[in-house]
Amino acid sequence: MRTWRKLSRLAAVGTAAGCLAVTGASAAVAGQSASALTCGGNVLLDGLRALEITENGHDEVYINTSTGVRVWPVTADYVSIAVNERVEVDKCVAPNAVLYLWEEDTLDVDDYLGAVAVDGDRTKDYFFAGGPGLYRIGAVA
């Protein structure tokens with residue numbers, strides 16, 4: 001009898017855990033769609049990952065549009081990032097926006113790290129690969 005109770009409790013816990021796993025997956029997908037909807041038809045820039053950096057230790061990076069308007073970061077001149085590190089961007093841009101990634105230099109001209117044209121009709125990763133570093137940014141359409 002005691003074994004039967006333990007088995008029935010174990011089955012109930014397993015069923016509940018399975019439901020939570022399925023619910024969690026659905027919530028993650030729904031959350032991604034909700035993020036894209038908050039941009040009002042624009043594209044959500046998700047996270048930026050440094051695959052290769054230009055300097056020892058950290059790069060100090062920022063993103064501008066083709067017209068020179070700062071997209072990210074808004075509250076600082078740059079964000080310091082190490083190789084294989086990911087930072088949140090969480091900014092909305094217009095479909096087909098052209099974005100430029102720069103590395104801040106205090107004594108020299110800032111280093112150009114590449115440009116991407118953001119596709120407005122699909123979710124994908126883009127790569128800034130026009131300079132000495134390599135960076136990936138996710139975009140949710």
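## Salt bridges in this model

A salt bridge here is a side-chain nitrogen of Lys or Arg within 4 Å of a carboxyl oxygen of Asp or Glu. With that in hand, let's look at this predicted model, where a search of the whole structure turns up 4 salt bridges.

## Arg 86 and Glu 88

One of these pairs Glu 88 with Arg 86, whose side chains meet at 2.3 Å from N to O. Glu 88 is partly exposed, with 43% relative accessibility, and Arg 86 is likewise partly exposed, at 34%.

## Arg 122 and Asp 119

Another salt bridge brings together the side chains of Arg 122 and Asp 119, with an N to O distance of 3.2 Å. Arg 122 has a relative accessible area of 46%, which makes this residue partly exposed. Asp 119 also counts as partly exposed, at 24%.

## Arg 136 and Asp 125

The side chains of Arg 136 and Asp 125 form a salt bridge too, at 3.9 Å from N to O. Arg 136 sits in strand β9 (residues 134-140) and Asp 125 in strand β8 (residues 124-128), so this pair ties together parts that are 11 residues apart in sequence. Arg 136 is partly exposed, with 26% relative accessible area, and Asp 125 is partly exposed at 41%.

Technical notes:
Residues numbered from 1 in each chain as written. Predicted model: local features only at pLDDT ≥ 70, side-chain atom pairs only at ≥ 80, totals over all residues. Heavy atoms only, no water. Buried < 20%, exposed > 50% of the residue type's maximum accessible area, 1.4 Å probe, protein only. Helix = DSSP H or I, 4+ residues; strand = E, 2+ residues; numbered from the N terminus.
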